[in-house]
Amino acid sequence: QVQLVESGGGLVQAGGSLRLSCAASGSIFSINAMGWYRQAPGNQRELVATITSASSTNYADSVKGRFTISRDNAKKTVYLQMNSLKPEDTAVYYCNAEIITGRFRPLYDYWGQGTQVTVSS
């Protein structure tokens with residue numbers, strides 16, 4: 001059983017900052033890429049940022065220069081530092097991780113339950 005638990009969402013004014021965290025727990029052999037996605041009402045879920053096990057990062061154009069993704073492999077945790085927040089960043093943010101649960105088991109995608117981020121103008 002694998003769980004991803006997010007924290008750190010909330011309400012912030014435009015221009016403010018928030019830091020999201022996502023901790024993986026359970027029967028984990030290894031974690032490959034981890035990432036953050038978001039979904040605003042009426043929209044499809046979209047990629048925000050990803051980070052590989054070697055800490056190579058990728059960002060959506062809309063957040064480049066404002067958001068920073070990082071990870072602590074020992075804590076099995078991924079972070080998203082969000083600065084200069086805009087009202088259009090308002091969405092439910094989901095954590096994602098590619099996890100292998102055993103030595104000869106396949107890799108699966110796991111998702112967190114989501115955390116609401118609301119940016120007021």
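Trainee: Which conventions should I keep in mind before reading any value?

Mentor: This is a predicted model, in which local features need pLDDT of at least 70 and side-chain atom pairs count only at pLDDT 80 or more, while totals for chains, interfaces and linings use all residues. Residues are numbered from 1 along each chain as its sequence is written, and side-chain values use heavy atoms, with hydrogens and water left out.

Trainee: How many helices and strands are in the chain?

Mentor: Helices (H or I, at least four residues) and strands (E, at least two) are taken as DSSP runs and numbered from the N terminus. The chain has zero helices and eleven strands. Its radius of gyration, taken over C-alpha atoms, is 14 Å, close to the 14 Å of the globule rule for 121 residues, so the chain is as compact as a globular protein of that length; the rule is 2.2 Å times the number of residues to the power 0.38. Along the principal axes, the C-alpha trace spans about 50 × 25 × 25 Å.

Trainee: In which sense do strand 4 and strand 5 run?

Mentor: Two strands pair if DSSP finds at least two bridges between them. Strand 4 and strand 5 run antiparallel and are joined by five bridges, with Trp36 opposite Ala49 in strand 5. The two strands form a hairpin with six residues between them, and Gly42 in the turn has a positive phi of about 80°. Strand 5 also pairs with strand 6 (residues 57-59) in the antiparallel sense, over three bridges, and there Ala49 stands opposite Tyr59. In this hairpin five residues lie between the strands, and Ser55 in the turn has a positive phi of about 70°.

Trainee: Which residues of the largest nonpolar core touch the most other members?

Mentor: In soluble globular proteins, nonpolar side chains tend to be buried together. A nonpolar core is a set of buried Ala, Val, Leu, Ile, Met, Phe, Trp, Tyr and Cys residues joined through side-chain atoms within 4.5 Å, where buried means under 20% relative accessible area, exposed over 50%, and partly exposed in between (1.4 Å probe, protein chains only). The largest core here has 31 residues, and Trp36, Leu80, Met82 and Tyr93 touch the most other members. Among the elements that give two or more residues to this core are strand 4 (30-39), strand 5 (46-51) and strand 8 (77-82), while strand 9 gives the most, with five residues. If contact means heavy atoms within 4.5 Å, then Leu80 touches residues including Trp36, Ala49 and Tyr93, not counting residues up to four places away in sequence.

Trainee: Which residues does the disulfide join, and what is its handedness?

Mentor: A disulfide is a covalent bond between the sulfur atoms of two cysteines, and the criterion is a pair of cysteine sulfur atoms within 2.5 Å. By this rule there is one disulfide, joining Cys22 to Cys95 with an S to S distance of 2.0 Å. The link is left-handed, with -80° about the S-S bond. Cys22 in strand 3 and Cys95 in strand 9 are 73 residues apart, so the pair links distant parts of the chain.

Trainee: Are these two cysteines buried or exposed?

Mentor: Cys22 is buried, with a relative accessible area of 0%, and Cys95 also counts as buried, at 0% relative accessibility. For the chain, buried residues make up 42% of the 121 residues.
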